[in-house]
Amino acid sequence: MNTKPSDISLKKRFSANFWILSGILFSVTLLSTLILSPTLVVMNASYQLGDIADKNIKAASDFFIEDKTATAQQREIARNTVLTVYDYDKSLSDTLKRQIHGAFALPRSVFESSANEKNPADLHSQIIKLKPEFEKTIGISVNTGAYSILENEKFSKNISDLITNILSKIMSNGVVANKDLLLRENDKGIALKTIGTDSEMVVRNLKQFYGLDQAKTMVRIVGEPILKNIDYTLVNLIVDFTQRLIQPNITLNRSETEKRRKNAEEVINSTLYKIQRGEMIVREGERITPLHLIKLAALKERAGKKQAIEKGIGTALIIFALLTITYLIHLKYQRKILHYQNKNLFFIGSIVILFLLILQFVTSLAQSLAPGTAFNISPESIYFSIPLAAGPMTICQFLGFNIAFPFAIVLSLIAAIIFENSYEFCLFFLLNGIMGAYWVQNCKERKGFIQAGVKVGLLNIVLATIVDIYLIDFAGFKLLWDWTFAFSGGLIAGIITAGLTPLMELSFGYTTDSSLHELANLDQPLLRRLMLEAPGTYHHSVIVGSLAESAASEIDANPLLAKVCGYYHDIGKLKNPLYFIENQKNGKNIHNKLAPSMSCLILTSHVKNGIELAREKKLGQDILDAIGQHHGTNLISFFYNKAKQLAKENQVVNIDNFRYPGPKPQTRETALVMLADVVEAASRTLEQPTPARIQGLVQQLFNKLFSDNQLDECPLTLKDLHSIARSFNKILNGIYHHRIEYPDKLMAGESKEKNGHTDRQPTEPPSDIDTADTDDGPSTLRRLGQS
């Protein structure tokens, strides 16, 4: 046997490494446990307010419970006792005084310095220029009329004194921006904090303070005795200036108030009740009260903290045991799992995680939404709509029913944990998952998924009815709701399967019957290109596909996959089509001018080119495998013998350089393509292809491949080879059947070959078929293909 790396089989190359298998199992176990973690710790009994307890519940140990309502009430009381803080700006009045005196002093100094000047126009011009500065200093805008009055009065200090006097009396009383807001605190008062000092006082008489509008009104009242003997126009100016200069000096300090209230809340400790060991939490037959609910919630939380780790470990061990045992006693021996085992197990694990997430999401959604529905729908009714059957249906599409069946069992058992080990729901999801996979296994078109979903929906209605009868729970409209959700769950499962299938094909490189049907269409661009650029290869591939399809039907392989693999197995010849004999014209063989080693490289390169082209066109892993394996490690004997003839003395020709790189066929479909390929090619060289000659040729070629160990790594049996040979004989006899001659239609001097093909020229028999293989020796398959 050849032991170079290229001869290592795919089975060994992609065999299940122990650490990879362990990693997949541990990862699926860990993720499943994390998904199930919210439902691991549950009370044995869940009560609502007003329910009747069906058993006694005692405290297993001493613990404290917090009365959150009482605690919140105490903290609210403490919060409300905190006085609202207001800031008192005592310096604001002095600041306004300085502004007023400063504004009046500037123009008044002009009058004082220009007392001896006799040009009033220049003096007026200077005063007008000072108006912007006056407005900026005093802090308010002054119209031209008011400014003229002040100019006539020479900005008398008496006017500024009157304004500041009235303003001081108003401000000293206290002015607040929003008195309505202030009066809300009238019952308990406020904390008045003087800005810039640590001084603070409690004020309870809040009506004494002026609001902003009230303060403006008080200007005339306060100023009336002071302005008694002053001109009316000047009085109005003083009142107007004072009203506009008033600013609130008492403001709400929200941040300080909130800070003090939070501090007051934090001081209040939680209100706790001690529950002693053995104390009765609730007695059987008692009506559940709010206090009972508080105690039960505390008991549940305490139990959850204590048992979460133990239950998590227990759940993980259960899931790990389920997955491991299922693999060891079933999956390990399934042919579809063994081929690319790691990828297949990773795919199964991904489906487990995906549908556990869907299950947990819908369950949580049902528990949160169901109590608030107007139709009184129970969470159990919504559970029937969970499309868990889509998991086994998806698995069946890619790995077959034999894998989907145990998968449905494992998934339903894990799902039962979410439903608190409910036997009824475990059975419901188990049966609809198995039947969903059964109905979808022969789906050839996309609409088949929807039809399977409808069947699962109808089955769900029957199963939901059985569950309701078993639980004696079908009062009112519950049974109707259960039927509605059960049917929708089956229909949704079909839709999800239809949507997941192409996604999984792209993600994991699988090929389904639906995509194979598309690839089998001879109008596919790649096949049309093959027909135009390499017509000989195209016709050869079509016949190989037909031979493989017929033989696959005889041995219970996948006929559609075998046919499609036959169609595409030689697409690598598109790169150099004229280097292959079936595409050469006028009897010119390019290889006559090439060295044998170069010819061998060109011939073997079509395998690599075909894999690259198939990967570029995304034909799927099964077709890539067929392209890479359909020649196995066969010897190109013609060029090997030619190389030996041309070799010099003492020059050794390495036989390994004239073999295809492999690997050998790993599946029955790939082996069928190999057998059909060599038989179809060799059958073209037969002179007068009678049934006996065809049968002998098929037997010789099968013996050659068998004795060369090319079929060692595929699961074909001797019985399968007999059935394949018989199928090939039947097809080839149909292709090369004897035809009736029509002498009346022949021109003088013309004749037909006995096989009826005027375009077929007799050639030499295949030189690479060893006549020894026809003997009944110990290394041959006797009477192969005979009925």
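This is a predicted model: local features need pLDDT of at least 70, side-chain atom pairs count only at pLDDT 80 or more; totals for chains, interfaces and linings use all residues.
**Ground rules.** I number residues from 1 along each chain as its sequence is written, and I leave out hydrogens and water, so that side-chain values rest on heavy atoms.

I looked up the second largest pocket, whose volume is about 1200 Å³. A pocket here is an open set of points on a 1 Å grid over the protein atoms alone, where a 1.4 Å probe fits, with protein on both sides within 12 Å along at least five of seven lines; lining residues have an atom within 4 Å of a point. The volume is the space filled by probe spheres set on the points, which are joined across faces, edges and corners. I noted 46 lining residues, with Lys336, Phe398, Leu399, Asn558 and Glu669 nearest the centre. Among the elements giving two or more residues to this lining are helix H14 (335-338), helix H17 (390-399) and helix H29 (668-683); helices are DSSP runs (H or I, at least four residues), numbered from the N terminus. By class I recorded 17 nonpolar, 17 polar and 12 charged residues, with Asp, Glu, Lys and Arg as charged, Ala, Val, Leu, Ile, Met, Phe, Trp, Tyr, Cys and Pro as nonpolar, and the others as polar.

Most residues other than glycine have a negative phi, and most peptide bonds are trans. I found a cis peptide bond between glycine 662 and proline 663, with omega about 5°, and placed proline 663 in the loop between helix H28 (637-646) and H29. Aspartate 556, in the loop between helix H24 (535-554) and H25, has a positive phi near 60°, and I list this aspartate as exposed because its relative accessibility is 67%. Glutamine 688, in the loop between H29 and helix H30 (691-707), has a positive phi near 55° and counts as partly exposed at 38%. The cut-offs are under 20% relative accessible area for buried and over 50% for exposed, with partly exposed in between (1.4 Å probe, protein chains only).

I looked at helix H3 (residues 68-81) and helix H12 (residues 254-267), which pack at about 145° with their axes 8 Å apart; axes are lines fitted to C-alpha atoms over the stretch in contact, and angles run from 0 to 180 degrees between N-to-C directions. Contact, meaning heavy atoms within 4.5 Å, involves Arg75, Ala78 and Arg79 of H3 and Glu258, Arg261, Ala264 and Glu265 of H12.
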